[in-house]
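Please look over the structure shown here before reading on. The briefing that follows is meant for someone new to it and is grouped by topic.

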Amino acid sequence: AGSRPLARELARRPSRAYQTRGRHAERRCHSCVASRRASLCDTTDDMASAPSVLVVGGGRVGTYVACKFKSAGTTGEVVLKGSPASRGVSSLQPFVDAMCAETGVTFVRDYEAHRDRVFDFVFVSVKTYDLPSVKAELDAHGITPKTAILVHNGIVGPLFANAVRVVIPQSYDFVEEAVEEAETQLASHRKKRITIHVKNEEKPWVMPDTDAARAVASLLEASDMRAVADPAFPYGLIRKFFINGVANLLAIVGDCDCNGLLKNHRERMERLYEEFVLVLAAPHADAFAMLPEDFHSVVFDGLASYGEHFPSTKMDFDAGRALEVDSLNGYVVAQAKRQGLPAPENEKLVDEVAKMVRARDLLRATPARDEPR
């Protein structure tokens, strides 16, 4: 409790740049998409053909990005790399297969057909604990990205040269939607199409204001995905971290969606928030210098915008998958230890989730009484 006045003081510093730029960045003229597609050629003059794209991570985000590129016709070959066959087939794979077949995306489970290749853009959309193995696998097959784009939760150290870190405010879900009879030209038959529903689609992907990031943003915009290379990127990164940090692991403990967190776990989220401010102020001073006066509201209003959506880490827990902990609340615990600061609420949450994961995995590994051994 003693740290709260300091935390509030830091969190209420006036914004130096972000509020004005942020509002400007969220204004978009949809009629400009066609001209952006045309100007993309200028960005890629040094490429012999349309840019080649490799998307690593065949989940919701990776599938969405790969299919958007191919549908927009702004790229050459688009390869979507899923999990290796040794991991088994995900329950989402039929949706991925349907969208790739419809758009012409090449889906692969290994890199054998793409050894020693250079891709203009490599989008990496995997869990943070998989990033080292992704880098090792690319290196082992001689695959070189001219620009690597990293889409993930939390904060991790650098792994790729010429990398662009991206913050995305969206959530993605596979859905089936009916195709109008006029589209199918079969009056007696209604067809269904697999697509991805995007929450907060009107908000841009945000990345640093660098030459590489501007090229990525141009490609995304030309492909009808909002994006902005913004000098205030450090603020966008820390804002996203705060939203993920107060919600993702706590949703596992509370067994609820974002609405449920706000309704039933607000006090605990407030304590997590206060510790974030205290612990992260020094290592992320550039971002904290940009915090708007209403940053607290920004964080919790941002979480509220997800409504009934379950945080991705909660969905991973329910599906029996490994969790991103070290790049979320575990990152806060590690930073607190480095600085000699207290972070008891984050430590407690990390410990609770670790115990729940062990109990979950033990239950799954233990045969039921009537199950043959």
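**The surroundings of His-309**

Leaving aside its neighbours within four places in sequence, His-309 is in contact with Ser-171, Asp-173, Asp-257, Cys-258 and Met-315, where contact means heavy atoms within 4.5 Å. His-309 itself is placed in the loop between helix 13 and helix 14 (312–318), helices (H or I, at least four residues) and strands (E, at least two) being DSSP runs numbered from the N terminus. With a relative accessibility of 14%, His-309 counts as buried, a word that stands for under 20% relative accessible area, whereas exposed stands for over 50% and partly exposed for what lies in between (1.4 Å probe, protein chains only).

This is a predicted model, in which local features need pLDDT of at least 70 and side-chain atom pairs count only at pLDDT 80 or more, while totals for chains, interfaces and linings use all residues. Residues are numbered from 1 along each chain as its sequence is written, and side-chain values use heavy atoms, with hydrogens and water left out.

**The chain as a whole**

- The secondary structure of the protein chain comes to 16 helices and 10 strands, and of its 373 residues 50% count as buried.
- Among contacts in the protein chain between residues at least 6 apart in sequence, 76% join residues that are at least 24 apart.
- The accessible surface of the protein chain comes to about 17900 Å², of which 51% belongs to carbon and sulfur atoms; accessible areas come from the Shrake-Rupley method with a 1.4 Å probe, and for residues only the protein chains shown count as cover.

**Strands**

- Strand 1 pairs with strand 2 (residues 78–81) in the parallel sense over four bridges, where two strands pair if DSSP finds at least two bridges between them; the bridge partner of Val-56 in strand 2 is Lys-81.
- Strand 4 (residues 118–124) and strand 5 run parallel and are joined by six bridges, with Val-122 standing opposite Ala-148 in strand 5.
- Six of the eight residues of strand 5 (residues 144–151) are buried, so this strand is largely enclosed by the rest of the structure.
- Val-198 lies in strand 8 (residues 191–199) and, at 11% relative accessibility, counts as buried.
- Leaving aside its neighbours within four places in sequence, Val-198 is in contact with Tyr-64, Gln-170, Ser-171 and Tyr-172, while Val-198 and Phe-174 are 24 residues apart in sequence and 9.0 Å apart in space, C-alpha to C-alpha.

**Aromatic rings**

- A search of the whole structure finds 12 aromatic pairs, for which rings of Phe, Tyr and Trp (its six-membered ring) must have their centres within 6.5 Å, with planes under 30 degrees apart counting as stacked, over 60 as edge-to-face and the rest as tilted.
- Tyr-235 and Phe-295 have ring centres 5.8 Å apart and planes at 65°, so their pair is edge-to-face.
- Because Tyr-235 lies in helix 9 (residues 233–254) and Phe-295 in helix 13 (residues 295–304), this pair ties together parts that are 60 residues apart in sequence; Tyr-235 and Phe-295 are both buried.
- Tyr-273 and Phe-295 form a tilted aromatic pair, with 6.3 Å centre to centre and 35° between the planes.
- Since Tyr-273 lies in helix 11 (residues 266–280) and Phe-295 in helix 13, this second pair ties together parts that are 22 residues apart in sequence, and both Tyr-273 and Phe-295 are buried.
- Ring pairs link Tyr-235, Phe-241, Phe-242, Tyr-273, Phe-276, Phe-288, Phe-295, Phe-300 and Tyr-331 into a cluster.

**Charges over rings**

- Arg-266 lies over the face of Phe-300, at 4.1 Å from the ring centre; a charge sits over a ring if NZ of Lys or CZ of Arg is within 6 Å of the ring centre and within 35 degrees of the ring normal.
- Lys-135 lies over the face of Phe-160, at 5.9 Å from the ring centre.

**Cysteines**

- A disulfide is a pair of cysteine sulfur atoms within 2.5 Å, and by this rule the count comes to zero disulfides.
- Cys-100 is in no disulfide, and the nearest cysteine sulfur, that of Cys-67, is 4.7 Å away; at 4% relative accessibility, Cys-100 counts as buried.
- The sulfur of Cys-258 is 8.3 Å from the closest cysteine sulfur, in Cys-256, which is too far for a bond, and Cys-258 counts as buried at 3% relative accessibility.
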